[in-house]
Amino acid sequence: MLELLRQAWTVARKDLLLEFRTRTAIVSAVVFTALVLTVFNFGRDPTAVSVIDLGPTILWVTFTFAAMLALNRAFQLELENQALEGLLVSPVSRTSLYWGKLLANLAFVAVVESVGLPLFVLFFNVPVGRVLLPLVGVIALATLGFVAVGTLFSALVIRTRFAELLLVVLLLPFLVPPLIAAVQVTARLLGGRPLSEAVGYLKLLAAYDIVFVSLASLLFRFTVDE
Amino acid sequence: MLLADGLRHTFGGGRVVALDGISFSLAPGRTLAIFGPNGAGKTTLLKVLAGLIRPQAGSARVDGGRRAIGWIGHQSHLYGHLTVRENLLFWGSLYGLDAARRSARAADVLARLDLSDRADQPVWSLSRGLLQRAAIAKALVHDPTVLLLDEPFTGLDLAAAEQLRALLGELRGGGGGGGGGGRTLVLATHNVDEGVELATDVAFQRRGRFVHFAPRGTRSAAEVAAAYRRATADA
(Lines give C-alpha, C1' and ligand atoms only; values in the text may rest on other atoms or scores of the structure.)
Protein backbone atom coordinates (compact mmCIF):
# COMPACT_ATOMS: atom_id res chain seq x y z
CA MET A 1 0.00 0.00 0.00
CA LEU A 2 2.84 2.40 0.89
CA GLU A 3 4.54 1.64 -2.43
CA LEU A 4 1.22 2.29 -4.21
CA LEU A 5 0.90 5.70 -2.54
CA ARG A 6 4.56 6.54 -3.14
CA GLN A 7 4.22 5.83 -6.85
CA ALA A 8 0.96 7.82 -7.02
CA TRP A 9 2.65 10.79 -5.37
CA THR A 10 5.59 10.53 -7.80
CA VAL A 11 3.19 10.71 -10.77
CA ALA A 12 1.15 13.55 -9.22
CA ARG A 13 4.24 15.58 -8.33
CA LYS A 14 5.55 15.23 -11.88
CA ASP A 15 2.19 16.39 -13.33
CA LEU A 16 2.06 19.38 -11.00
CA LEU A 17 5.68 20.31 -11.79
CA LEU A 18 4.90 20.15 -15.51
CA GLU A 19 1.83 22.34 -15.02
CA PHE A 20 3.83 24.77 -12.89
CA ARG A 21 6.42 25.02 -15.69
CA THR A 22 3.96 25.57 -18.54
CA ARG A 23 0.97 27.12 -16.73
CA THR A 24 -1.07 26.89 -19.94
CA ALA A 25 -3.98 24.83 -18.63
CA ILE A 26 -4.25 26.47 -15.21
CA VAL A 27 -4.20 29.99 -16.67
CA SER A 28 -6.80 28.98 -19.28
CA ALA A 29 -9.06 27.45 -16.62
CA VAL A 30 -8.79 30.42 -14.26
CA VAL A 31 -9.44 32.92 -17.06
CA PHE A 32 -12.35 30.77 -18.26
CA THR A 33 -13.82 30.75 -14.73
CA ALA A 34 -13.51 34.53 -14.41
CA LEU A 35 -15.05 35.08 -17.85
CA VAL A 36 -18.03 32.79 -17.25
CA LEU A 37 -18.79 34.39 -13.88
CA THR A 38 -18.47 37.85 -15.47
CA VAL A 39 -20.82 36.94 -18.31
CA PHE A 40 -23.40 35.51 -15.87
CA ASN A 41 -23.03 38.56 -13.65
CA PHE A 42 -23.84 41.00 -16.42
CA GLY A 43 -26.14 38.70 -18.38
CA ARG A 44 -28.75 38.10 -15.68
CA ASP A 45 -31.65 40.24 -14.55
CA PRO A 46 -31.23 40.60 -10.76
CA THR A 47 -34.88 41.55 -10.32
CA ALA A 48 -36.19 38.41 -12.06
CA VAL A 49 -34.47 35.61 -10.12
CA SER A 50 -32.80 35.99 -6.74
CA VAL A 51 -29.08 35.34 -6.42
CA ILE A 52 -29.71 32.62 -3.85
CA ASP A 53 -31.81 30.70 -6.40
CA LEU A 54 -29.58 31.21 -9.43
CA GLY A 55 -26.13 31.44 -7.80
CA PRO A 56 -25.56 27.77 -6.94
CA THR A 57 -26.32 26.68 -10.51
CA ILE A 58 -23.96 29.28 -11.96
CA LEU A 59 -21.24 28.30 -9.50
CA TRP A 60 -21.44 24.61 -10.29
CA VAL A 61 -21.77 24.94 -14.04
CA THR A 62 -18.67 27.15 -13.97
CA PHE A 63 -16.71 24.70 -11.82
CA THR A 64 -17.76 21.77 -13.99
CA PHE A 65 -16.64 23.24 -17.28
CA ALA A 66 -13.44 24.67 -15.80
CA ALA A 67 -12.65 21.19 -14.47
CA MET A 68 -13.06 19.77 -17.99
CA LEU A 69 -10.02 21.79 -19.04
CA ALA A 70 -8.00 20.14 -16.27
CA LEU A 71 -9.23 16.69 -17.12
CA ASN A 72 -8.43 17.12 -20.79
CA ARG A 73 -4.82 17.95 -20.05
CA ALA A 74 -4.26 15.06 -17.61
CA PHE A 75 -3.33 12.49 -20.26
CA GLN A 76 -2.37 14.96 -22.98
CA LEU A 77 0.84 15.34 -20.97
CA GLU A 78 1.58 11.67 -21.51
CA LEU A 79 1.24 11.84 -25.28
CA GLU A 80 4.34 14.00 -25.60
CA ASN A 81 7.14 11.67 -26.70
CA GLN A 82 4.80 8.74 -25.88
CA ALA A 83 5.58 9.00 -22.18
CA LEU A 84 2.48 6.92 -21.45
CA GLU A 85 4.20 3.94 -23.12
CA GLY A 86 7.14 4.39 -20.74
CA LEU A 87 4.78 4.50 -17.76
CA LEU A 88 3.07 1.30 -18.87
CA VAL A 89 6.38 -0.55 -19.27
CA SER A 90 7.54 0.62 -15.84
CA PRO A 91 6.59 -1.28 -12.66
CA VAL A 92 4.17 1.46 -11.62
CA SER A 93 0.80 -0.15 -10.90
CA ARG A 94 -2.19 1.02 -12.92
CA THR A 95 -3.94 1.94 -9.66
CA SER A 96 -1.00 4.15 -8.64
CA LEU A 97 -1.04 5.77 -12.04
CA TYR A 98 -4.76 6.50 -11.70
CA TRP A 99 -4.42 7.82 -8.16
CA GLY A 100 -1.48 10.00 -9.20
CA LYS A 101 -3.50 11.51 -12.03
CA LEU A 102 -6.50 11.91 -9.71
CA LEU A 103 -4.38 13.71 -7.11
CA ALA A 104 -2.90 16.08 -9.67
CA ASN A 105 -6.33 16.78 -11.18
CA LEU A 106 -7.80 17.44 -7.73
CA ALA A 107 -5.02 19.91 -6.96
CA PHE A 108 -5.53 21.60 -10.33
CA VAL A 109 -9.31 21.90 -9.91
CA ALA A 110 -8.89 23.07 -6.29
CA VAL A 111 -6.75 25.97 -7.52
CA VAL A 112 -9.40 26.90 -10.09
CA GLU A 113 -12.15 26.66 -7.46
CA SER A 114 -10.17 28.69 -4.95
CA VAL A 115 -10.07 31.50 -7.50
CA GLY A 116 -13.66 30.95 -8.67
CA LEU A 117 -15.32 31.02 -5.26
CA PRO A 118 -14.09 34.50 -4.20
CA LEU A 119 -15.00 35.82 -7.68
CA PHE A 120 -18.48 34.31 -7.31
CA VAL A 121 -18.87 35.97 -3.89
CA LEU A 122 -17.60 39.26 -5.30
CA PHE A 123 -19.78 39.32 -8.43
CA PHE A 124 -22.98 38.00 -6.89
CA ASN A 125 -22.62 39.57 -3.45
CA VAL A 126 -23.48 36.27 -1.76
CA PRO A 127 -23.02 36.09 2.02
CA VAL A 128 -20.80 33.03 2.58
CA GLY A 129 -19.04 34.08 5.79
CA ARG A 130 -21.13 31.91 8.12
CA VAL A 131 -21.29 28.91 5.80
CA LEU A 132 -17.78 29.03 4.34
CA LEU A 133 -16.55 25.83 5.99
CA PRO A 134 -19.55 23.65 5.08
CA LEU A 135 -19.52 25.19 1.58
CA VAL A 136 -15.85 24.28 1.12
CA GLY A 137 -16.70 20.79 2.40
CA VAL A 138 -19.48 20.37 -0.18
CA ILE A 139 -17.22 21.67 -2.96
CA ALA A 140 -14.53 19.15 -1.93
CA LEU A 141 -17.04 16.29 -1.77
CA ALA A 142 -18.57 17.00 -5.18
CA THR A 143 -15.21 17.75 -6.82
CA LEU A 144 -13.74 14.42 -5.72
CA GLY A 145 -16.61 12.55 -7.40
CA PHE A 146 -16.57 14.25 -10.74
CA VAL A 147 -12.79 14.44 -10.99
CA ALA A 148 -12.62 10.69 -10.22
CA VAL A 149 -14.95 9.90 -13.13
CA GLY A 150 -13.34 12.53 -15.35
CA THR A 151 -9.84 11.15 -14.79
CA LEU A 152 -11.02 7.70 -15.87
CA PHE A 153 -12.74 9.04 -18.99
CA SER A 154 -9.81 11.25 -19.95
CA ALA A 155 -7.65 8.11 -20.09
CA LEU A 156 -10.34 6.34 -22.10
CA VAL A 157 -10.58 8.98 -24.83
CA ILE A 158 -6.96 10.06 -25.06
CA ARG A 159 -6.09 7.85 -28.05
CA THR A 160 -9.23 8.85 -29.97
CA ARG A 161 -9.76 11.67 -32.42
CA PHE A 162 -11.70 14.62 -30.99
CA ALA A 163 -10.70 13.52 -27.47
CA GLU A 164 -11.61 16.88 -25.95
CA LEU A 165 -15.14 16.82 -27.36
CA LEU A 166 -15.64 13.15 -26.58
CA LEU A 167 -14.66 13.67 -22.96
CA VAL A 168 -17.40 16.28 -22.47
CA VAL A 169 -20.02 14.13 -24.22
CA LEU A 170 -19.14 11.01 -22.18
CA LEU A 171 -18.62 12.75 -18.87
CA LEU A 172 -21.58 15.12 -18.57
CA PRO A 173 -24.26 12.42 -18.10
CA PHE A 174 -22.20 10.96 -15.24
CA LEU A 175 -21.94 14.37 -13.60
CA VAL A 176 -25.69 14.88 -13.32
CA PRO A 177 -26.13 13.19 -9.88
CA PRO A 178 -23.27 15.00 -8.09
CA LEU A 179 -24.17 18.29 -9.79
CA ILE A 180 -27.81 18.09 -8.66
CA ALA A 181 -26.72 17.24 -5.13
CA ALA A 182 -24.04 19.94 -5.02
CA VAL A 183 -26.43 22.61 -6.33
CA GLN A 184 -29.12 21.62 -3.82
CA VAL A 185 -26.75 21.64 -0.83
CA THR A 186 -25.16 24.92 -1.93
CA ALA A 187 -28.61 26.52 -2.34
CA ARG A 188 -29.61 25.50 1.15
CA LEU A 189 -26.33 26.75 2.63
CA LEU A 190 -26.53 30.12 0.86
CA GLY A 191 -30.24 30.40 1.79
CA GLY A 192 -29.35 30.09 5.47
CA ARG A 193 -31.14 26.76 5.85
CA PRO A 194 -29.77 24.21 8.33
CA LEU A 195 -27.40 21.58 6.92
CA SER A 196 -29.67 18.86 8.30
CA GLU A 197 -32.08 19.66 5.43
CA ALA A 198 -29.43 18.53 2.96
CA VAL A 199 -28.34 15.31 4.63
CA GLY A 200 -29.82 13.19 1.84
CA TYR A 201 -27.86 15.06 -0.81
CA LEU A 202 -24.68 14.88 1.27
CA LYS A 203 -25.13 11.12 1.55
CA LEU A 204 -25.59 10.96 -2.21
CA LEU A 205 -22.34 12.87 -2.75
CA ALA A 206 -20.46 10.64 -0.31
CA ALA A 207 -21.86 7.47 -1.89
CA TYR A 208 -21.03 8.75 -5.38
CA ASP A 209 -17.43 9.42 -4.28
CA ILE A 210 -16.98 6.00 -2.71
CA VAL A 211 -18.55 4.12 -5.62
CA PHE A 212 -16.82 5.99 -8.42
CA VAL A 213 -13.36 6.30 -6.85
CA SER A 214 -13.42 2.53 -6.21
CA LEU A 215 -14.87 1.67 -9.61
CA ALA A 216 -12.51 3.97 -11.50
CA SER A 217 -9.50 2.55 -9.61
CA LEU A 218 -10.54 -0.94 -10.70
CA LEU A 219 -11.45 -0.10 -14.29
CA PHE A 220 -8.55 2.22 -15.07
CA ARG A 221 -6.20 -0.51 -16.29
CA PHE A 222 -8.68 -1.47 -19.03
CA THR A 223 -8.48 2.04 -20.44
CA VAL A 224 -4.69 2.16 -20.77
CA ASP A 225 -3.64 -1.42 -21.50
CA GLU A 226 -3.54 -2.57 -25.13
CA MET B 1 16.81 -14.84 -18.94
CA LEU B 2 14.19 -13.99 -21.52
CA LEU B 3 11.70 -16.54 -22.80
CA ALA B 4 9.10 -16.31 -25.56
CA ASP B 5 6.84 -19.28 -26.15
CA GLY B 6 4.46 -19.60 -29.11
CA LEU B 7 3.67 -15.89 -29.34
CA ARG B 8 0.78 -15.06 -31.61
CA HIS B 9 -0.93 -11.73 -32.08
CA THR B 10 -3.06 -10.20 -34.80
CA PHE B 11 -4.56 -6.79 -35.45
CA GLY B 12 -7.69 -5.72 -37.29
CA GLY B 13 -9.73 -8.75 -36.29
CA GLY B 14 -7.12 -11.19 -37.57
CA ARG B 15 -6.46 -9.52 -40.92
CA VAL B 16 -2.93 -8.41 -39.98
CA VAL B 17 -0.79 -11.14 -38.44
CA ALA B 18 1.92 -9.44 -36.38
CA LEU B 19 3.22 -12.50 -34.52
CA ASP B 20 2.75 -16.03 -35.74
CA GLY B 21 4.11 -18.59 -33.32
CA ILE B 22 7.40 -17.01 -32.28
CA SER B 23 9.41 -18.92 -29.66
CA PHE B 24 12.94 -18.36 -28.44
CA SER B 25 14.98 -18.01 -25.28
CA LEU B 26 17.93 -15.79 -24.55
CA ALA B 27 20.44 -16.19 -21.73
CA PRO B 28 22.14 -13.27 -19.90
CA GLY B 29 24.99 -11.79 -21.90
CA ARG B 30 23.37 -12.66 -25.26
CA THR B 31 22.26 -10.07 -27.79
CA LEU B 32 19.56 -10.96 -30.28
CA ALA B 33 19.37 -8.74 -33.35
CA ILE B 34 16.01 -9.06 -35.10
CA PHE B 35 16.06 -7.90 -38.69
CA GLY B 36 13.00 -7.52 -40.82
CA PRO B 37 11.24 -5.21 -43.23
CA ASN B 38 8.72 -2.63 -42.06
CA GLY B 39 5.52 -4.34 -40.95
CA ALA B 40 7.24 -7.65 -40.12
CA GLY B 41 6.02 -7.48 -36.51
CA LYS B 42 9.32 -6.53 -34.82
CA THR B 43 7.82 -3.71 -32.76
CA THR B 44 4.87 -5.87 -31.74
CA LEU B 45 7.29 -8.56 -30.59
CA LEU B 46 9.26 -6.08 -28.48
CA LYS B 47 6.03 -4.65 -27.05
CA VAL B 48 4.90 -8.13 -26.05
CA LEU B 49 8.28 -8.79 -24.39
CA ALA B 50 8.01 -5.43 -22.59
CA GLY B 51 4.50 -6.26 -21.37
CA LEU B 52 2.89 -3.47 -23.37
CA ILE B 53 0.77 -5.87 -25.41
CA ARG B 54 -0.80 -9.03 -24.05
CA PRO B 55 -0.40 -11.68 -26.79
CA GLN B 56 -3.50 -13.49 -28.00
CA ALA B 57 -1.64 -16.79 -27.64
CA GLY B 58 1.62 -17.88 -26.07
CA SER B 59 3.54 -16.22 -23.31
CA ALA B 60 6.64 -14.13 -22.68
CA ARG B 61 8.66 -14.08 -19.50
CA VAL B 62 11.52 -11.86 -18.36
CA ASP B 63 13.36 -12.82 -15.18
CA GLY B 64 12.91 -9.98 -12.72
CA GLY B 65 9.66 -8.75 -14.28
CA ARG B 66 9.05 -5.15 -15.27
CA ARG B 67 11.77 -3.79 -12.99
CA ALA B 68 14.35 -5.71 -15.02
CA ILE B 69 13.34 -4.21 -18.37
CA GLY B 70 14.84 -1.20 -20.05
CA TRP B 71 12.77 -0.14 -23.06
CA ILE B 72 13.82 2.13 -25.90
CA GLY B 73 10.93 2.59 -28.28
CA HIS B 74 10.33 4.88 -31.23
CA GLN B 75 9.83 7.84 -28.92
CA SER B 76 11.92 9.10 -26.02
CA HIS B 77 9.26 8.85 -23.24
CA LEU B 78 10.71 12.07 -21.84
CA TYR B 79 8.74 15.11 -20.70
CA GLY B 80 9.71 18.15 -22.72
CA HIS B 81 9.29 20.70 -19.96
CA LEU B 82 11.41 18.80 -17.44
CA THR B 83 15.20 18.86 -17.62
CA VAL B 84 17.08 15.70 -18.60
CA ARG B 85 18.09 15.16 -14.97
CA GLU B 86 14.53 15.70 -13.66
CA ASN B 87 13.28 13.14 -16.17
CA LEU B 88 15.87 10.60 -15.02
CA LEU B 89 15.04 11.20 -11.36
CA PHE B 90 11.33 10.79 -12.08
CA TRP B 91 11.81 7.50 -13.90
CA GLY B 92 14.28 6.31 -11.27
CA SER B 93 11.68 7.01 -8.60
CA LEU B 94 9.03 5.04 -10.49
CA TYR B 95 11.41 2.09 -10.63
CA GLY B 96 11.73 2.22 -6.85
CA LEU B 97 15.23 3.69 -6.49
CA ASP B 98 15.69 5.67 -3.28
CA ALA B 99 16.73 9.33 -3.51
CA ALA B 100 20.48 8.76 -3.06
CA ARG B 101 20.61 5.84 -5.50
CA ARG B 102 18.61 7.57 -8.23
CA SER B 103 20.78 10.69 -8.01
CA ALA B 104 23.89 8.53 -8.30
CA ARG B 105 22.43 6.48 -11.17
CA ALA B 106 21.29 9.62 -13.00
CA ALA B 107 24.78 11.14 -12.70
CA ASP B 108 26.34 7.87 -13.85
CA VAL B 109 24.23 7.39 -16.98
CA LEU B 110 24.49 11.08 -17.87
CA ALA B 111 28.27 10.78 -17.75
CA ARG B 112 28.31 7.52 -19.75
CA LEU B 113 26.15 9.03 -22.46
CA ASP B 114 28.16 12.24 -22.51
CA LEU B 115 25.14 14.25 -21.40
CA SER B 116 26.45 15.73 -18.13
CA ASP B 117 26.68 19.21 -19.58
CA ARG B 118 23.08 18.94 -20.86
CA ALA B 119 21.65 17.57 -17.62
CA ASP B 120 19.89 20.76 -16.59
CA GLN B 121 18.62 21.61 -20.04
CA PRO B 122 14.89 21.11 -20.75
CA VAL B 123 14.28 18.13 -23.00
CA TRP B 124 12.36 20.20 -25.57
CA SER B 125 15.58 22.09 -26.35
CA LEU B 126 17.60 18.97 -27.29
CA SER B 127 18.46 18.05 -30.87
CA ARG B 128 17.24 14.72 -32.30
CA GLY B 129 20.53 12.97 -31.58
CA LEU B 130 20.76 14.30 -28.02
CA LEU B 131 17.14 13.36 -27.42
CA GLN B 132 17.90 9.79 -28.47
CA ARG B 133 20.85 9.68 -26.07
CA ALA B 134 18.66 11.07 -23.29
CA ALA B 135 16.08 8.36 -24.08
CA ILE B 136 18.79 5.72 -23.73
CA ALA B 137 19.87 7.29 -20.42
CA LYS B 138 16.25 7.04 -19.25
CA ALA B 139 16.13 3.35 -20.22
CA LEU B 140 19.34 2.65 -18.26
CA VAL B 141 18.69 4.71 -15.13
CA HIS B 142 17.26 1.79 -13.13
CA ASP B 143 20.09 -0.51 -14.21
CA PRO B 144 17.95 -3.03 -16.16
CA THR B 145 19.15 -6.55 -16.86
CA VAL B 146 17.15 -6.86 -20.09
CA LEU B 147 17.28 -4.13 -22.71
CA LEU B 148 14.69 -4.01 -25.48
CA LEU B 149 15.67 -1.63 -28.26
CA ASP B 150 13.40 -0.74 -31.16
CA GLU B 151 15.36 0.98 -33.96
CA PRO B 152 17.75 2.58 -31.45
CA PHE B 153 20.06 4.06 -34.09
CA THR B 154 17.34 6.16 -35.72
CA GLY B 155 18.29 9.82 -35.75
CA LEU B 156 21.87 9.30 -34.61
CA ASP B 157 24.81 10.55 -36.65
CA LEU B 158 27.66 8.13 -37.43
CA ALA B 159 29.73 9.09 -34.37
CA ALA B 160 26.76 8.87 -32.01
CA ALA B 161 25.71 5.51 -33.51
CA GLU B 162 29.24 4.19 -33.01
CA GLN B 163 29.21 5.48 -29.42
CA LEU B 164 25.88 3.74 -28.80
CA ARG B 165 27.20 0.47 -30.24
CA ALA B 166 30.19 0.67 -27.90
CA LEU B 167 27.93 1.39 -24.93
CA LEU B 168 25.59 -1.49 -25.75
CA GLY B 169 28.54 -3.83 -26.14
CA GLU B 170 29.79 -2.73 -22.75
CA LEU B 171 26.35 -3.17 -21.18
CA ARG B 172 25.96 -6.64 -22.60
CA GLY B 173 29.24 -7.69 -21.12
CA GLY B 174 28.30 -6.40 -17.66
CA GLY B 175 30.95 -3.70 -17.69
CA GLY B 176 29.95 -0.94 -15.28
CA GLY B 177 26.50 0.12 -14.20
CA GLY B 178 26.62 -1.90 -11.03
CA GLY B 179 24.59 -4.68 -12.58
CA GLY B 180 27.12 -7.42 -12.05
CA GLY B 181 26.57 -10.07 -14.75
CA GLY B 182 25.89 -9.43 -18.39
CA ARG B 183 22.62 -8.09 -19.70
CA THR B 184 20.30 -9.57 -22.27
CA LEU B 185 19.75 -7.31 -25.26
CA VAL B 186 17.07 -7.58 -27.93
CA LEU B 187 17.53 -5.19 -30.79
CA ALA B 188 15.05 -4.75 -33.65
CA THR B 189 15.96 -2.93 -36.82
CA HIS B 190 15.24 -3.04 -40.54
CA ASN B 191 18.87 -2.20 -41.33
CA VAL B 192 21.22 -5.21 -41.20
CA ASP B 193 24.32 -3.00 -41.02
CA GLU B 194 23.10 -1.53 -37.74
CA GLY B 195 23.87 -3.59 -34.73
CA VAL B 196 24.98 -6.79 -36.46
CA GLU B 197 28.41 -6.50 -34.85
CA LEU B 198 26.72 -6.48 -31.43
CA ALA B 199 24.65 -9.57 -32.07
CA THR B 200 25.44 -12.96 -30.63
CA ASP B 201 22.22 -14.28 -32.19
CA VAL B 202 20.42 -13.22 -35.32
CA ALA B 203 16.76 -13.56 -36.29
CA PHE B 204 15.07 -12.59 -39.53
CA GLN B 205 11.40 -11.80 -39.08
CA ARG B 206 8.86 -11.70 -41.85
CA ARG B 207 5.06 -11.58 -41.62
CA GLY B 208 5.14 -12.31 -37.91
CA ARG B 209 7.45 -15.37 -38.16
CA PHE B 210 11.12 -15.96 -37.51
CA VAL B 211 12.23 -17.29 -40.90
CA HIS B 212 15.75 -17.64 -39.53
CA PHE B 213 17.04 -17.81 -35.95
CA ALA B 214 20.61 -18.86 -35.22
CA PRO B 215 23.78 -17.79 -33.44
CA ARG B 216 25.67 -15.25 -35.52
CA GLY B 217 28.92 -17.14 -35.01
CA THR B 218 31.74 -15.67 -37.02
CA ARG B 219 29.55 -14.36 -39.84
CA SER B 220 30.37 -10.83 -40.99
CA ALA B 221 27.76 -8.12 -41.52
CA ALA B 222 27.92 -8.75 -45.29
CA GLU B 223 27.31 -12.49 -44.80
CA VAL B 224 24.40 -11.83 -42.46
CA ALA B 225 22.99 -9.32 -44.98
CA ALA B 226 23.25 -11.90 -47.76
CA ALA B 227 21.56 -14.56 -45.60
CA TYR B 228 18.84 -12.03 -44.73
CA ARG B 229 18.14 -11.30 -48.38
CA ARG B 230 17.95 -15.02 -49.18
CA ALA B 231 15.75 -15.85 -46.21
CA THR B 232 13.28 -13.02 -46.71
CA ALA B 233 13.13 -13.67 -50.47
CA ASP B 234 12.43 -17.39 -49.98
CA ALA B 235 9.83 -16.95 -47.24
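**Domains, helices and contacts**

Guide: Chain B is divided into domain 1 (2–63 + 145–234) and domain 2 (80–143), with bounds that come from an automatic or database domain assignment. This is a predicted model, in which local features need pLDDT of at least 70 and side-chain atom pairs count only at pLDDT 80 or more, while totals for chains, interfaces and linings use all residues. Residues are numbered from 1 along each chain as its sequence is written, chains are lettered from A and ligands numbered from 1 in the order in which they are written.

Visitor: How far apart do the C-alpha centres of domain 1 and domain 2 of chain B lie?

Guide: The two C-alpha centres lie 25 Å apart. Two residues are in contact if their C-beta atoms, placed from the backbone, lie within 7 Å. Ten residues from domain 1 of chain B and eight residues from domain 2 of chain B take part in the contact. On the side of domain 1 of chain B that touches domain 2 of chain B, helix 5 (residues 158–172) of chain B gives the most, with three residues. By class, that side of domain 1 of chain B has five nonpolar, four polar and one charged residues. Here Ala, Val, Leu, Ile, Met, Phe, Trp, Tyr, Cys and Pro count as nonpolar, Asp, Glu, Lys and Arg as charged, and the others, Gly among them, as polar.

Visitor: How many helices and strands are there in chain B?

Guide: Helices (H or I, at least four residues) and strands (E, at least two) are DSSP runs, numbered from the N terminus. Chain B has six helices and nine strands. Its radius of gyration is 18 Å, close to the 18 Å that the globule rule gives for 235 residues, so chain B is as compact as a globular protein of that length. The radius is taken over C-alpha atoms, and the rule is 2.2 Å times the number of residues to the power 0.38. The C-alpha trace of chain B spans about 50 × 35 × 35 Å along its principal axes.

Visitor: How many helices and strands does chain A have?

Guide: Chain A has eight helices and zero strands. For its 226 residues a compact globule would have a radius of gyration near 17 Å, and the 18 Å of chain A agrees. Along its principal axes, the C-alpha trace of chain A spans about 60 × 35 × 30 Å.

Visitor: Which residues in helix 7 and helix 8 of chain A meet?

Guide: One first reads the axes, which are lines fitted to C-alpha atoms, for helices over the stretch in contact; angles run from 0 to 180 degrees between N-to-C directions. Helix 7 (residues 163–190) and helix 8 (residues 199–224) of chain A pack at an angle of about 145°, with their axes 9 Å apart. In helix 7 of chain A, A:Pro177, A:Pro178, A:Ala181, A:Ala182, A:Gln184 and A:Val185 meet A:Tyr201, A:Leu202, A:Leu204, A:Leu205 and A:Tyr208 in helix 8 of chain A. The residues of this contact divide into ten nonpolar, one polar and no charged.

Visitor: Why is A:Pro177 described as partly exposed?

Guide: A residue is buried if 20 or more other C-beta atoms lie within 10 Å of its own, exposed if 12 or fewer, and partly exposed in between; C-beta atoms are placed from the backbone. A:Pro177 is partly exposed because it has 18 other C-beta atoms within 10 Å. A:Pro177 and A:Leu204 are 27 residues apart in sequence and 8.0 Å apart in space, C-alpha to C-alpha.

Visitor: How many residues does the contact take from chain A and from chain B?

Guide: The contact takes 19 residues from chain A and 22 residues from chain B. Helix 1 (2–22) and helix 4 (83–89) of chain A are the elements that give two or more residues to the side of chain A that touches chain B. Helix 1 of chain A gives the most to that side, with seven residues. A:Ala83 lies in helix 4 of chain A and is buried, with 23 other C-beta atoms within 10 Å. Leaving aside neighbours within four places in sequence, A:Ala83 is in contact with A:Glu78, B:His77 and B:Tyr79.

Visitor: Where does A:Asn125 lie?

Guide: Most residues other than glycine have a negative phi. A:Asn125 has a positive phi of about 50° although it is not a glycine. A:Asn125 lies in the loop between helix 5 (94–124) and helix 6 (132–157) of chain A, and is exposed, with 11 other C-beta atoms within 10 Å.
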